[in-house]
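Okay, thanks everyone for coming. I'd like to walk you through one model today, so let's get it up on the screen.

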Amino acid sequence: MRDIVIIGHKAMTSGDFSLNDLPGSAGRMDILCRCVSASLFLSFGMRRDVNVHLLLLGEPDPAKIVRFEGMYLRYLNPDERSSGSLIQKALQKEAGEKDIRSTPGVWVRRGDLKTLLKQFEGRTLLYLREDGKDIREIAREIKDPVFILGDHTGVTEEEEKELLEAGAEIISVGPISLHSNHCITLIHNELDRVEAEAGEGLEAEAGTPSVED
Ligand SMILES: C[S@@+](CC[C@H](N)C(=O)[O-])C[C@H]1O[C@@H](n2cnc3c(N)ncnc32)[C@H](O)[C@@H]1O
């Protein structure tokens, strides 16, 4: 299993935004939408062994977690508007402490970084930062990982402290600061290479996306 957490500091926590303005009124929701796509899509297929957790910290009702589970996902296409629409539907639900399913494979609940870190106790926490240990040096040892990335503003000092206290290791995908979605593609690529070398197949389902992409 690969779990990927993206922290959206400005991302709206109600469904009251326009799909035509994901970067603006939705609080840089476009970044999170691209991360959903990069996490889950293959060419003509979907990564069924990946879950994506969007930690939404923007107005008007923080904090919420929208989770996409590759295993059960339906109705998702690779474009930003498609993931934006599923996030919006999730945010239109009355979120509580427990998960509520909004559409197949998409859940929403109240929760912050602490909530997520508690959920991931016992897993390998890997916090993505430009000056971390090169993922290439440790890719073979990575088992059952949870990757944590920031948005365009990165990760705050307080969040970083929580991550390190929870035992996260800091890893890098290269020396240059990249967009979060590009980092996710590189993470997958490193792990895919290791799995291919070991003769393990990708748990993907061909033909899932309804668009030719
Ligand atoms: C656009 S970057 C954030 C840049 C922001 N200006 C900062 O100073 O943190 C978004 C996120 O991608 C991840 N990231 C970007 N480049 C990376 C790299 N080369 N290695 C590891 N993580 C990276 C980090 O998690 C970062 O928080």
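I'll go through the sheet, then the helices, then the cysteines.

Quick housekeeping: this is a predicted model, so local features need pLDDT of at least 70 and side-chain atom pairs count only at pLDDT 80 or more, while totals for chains, interfaces and linings use all residues. Residues are numbered from 1 along each chain as its sequence is written, and side-chain values use heavy atoms, with hydrogens and water left out.

Helices and strands here are DSSP runs, H or I of at least four residues and E of at least two, numbered from the N terminus. Strands count as paired if DSSP finds at least two bridges between them.

So, the sheet. Eight strands make an open, mixed sheet, running S6-S7-S5-S4-S1-S9-S8-S10. At the edges sit S6 (100-103) and S10 (169-172), each pairing on one side only. From one strand to the next, the twist averages 30 degrees. Angles, by the way, run from 0 to 180 degrees between N-to-C directions, with axes fitted to C-alpha atoms, for helices over the stretch in contact.

Zoom in on S5 (residues 64-69) and S7 (residues 106-110): they run antiparallel, joined by five bridges. Lys64 stands opposite Arg110 in S7.

Now the helices. H1 packs on the sheet, touching S1 (2-8), S4 (50-56) and S5, and its direction makes about 170 degrees with that of S4. Contact, here, means heavy atoms within 4.5 Å. H2 packs on the sheet too, touching S4, S5, S6 and S7, at about 130 degrees to the direction of S5.

How do the axes of H1 and H2 cross? H1 (residues 29-40) and H2 (residues 80-91) have axes that come within 8 Å and cross at roughly 110 degrees. That makes H1 roughly perpendicular to H2, a label that covers 65 to 115 degrees. Met29, Asp30, Cys33, Arg34 and Val36 in H1 meet Glu80, Ser83, Gly84, Ile87 and Leu91 in H2.

You'll have spotted Cys33 in that list.

Buried or exposed, then, for Cys33? Buried, at a relative accessible area of 0%, and Cys35 is buried at 0% as well. Buried means under 20% relative accessible area, with a 1.4 Å probe and protein chains only.

Technical notes:
Angles under 35 degrees count as roughly parallel, over 145 as roughly antiparallel, 65 to 115 as roughly perpendicular and the rest as oblique. Buried means under 20% relative accessible area, exposed over 50%, partly exposed in between (1.4 Å probe, protein chains only).
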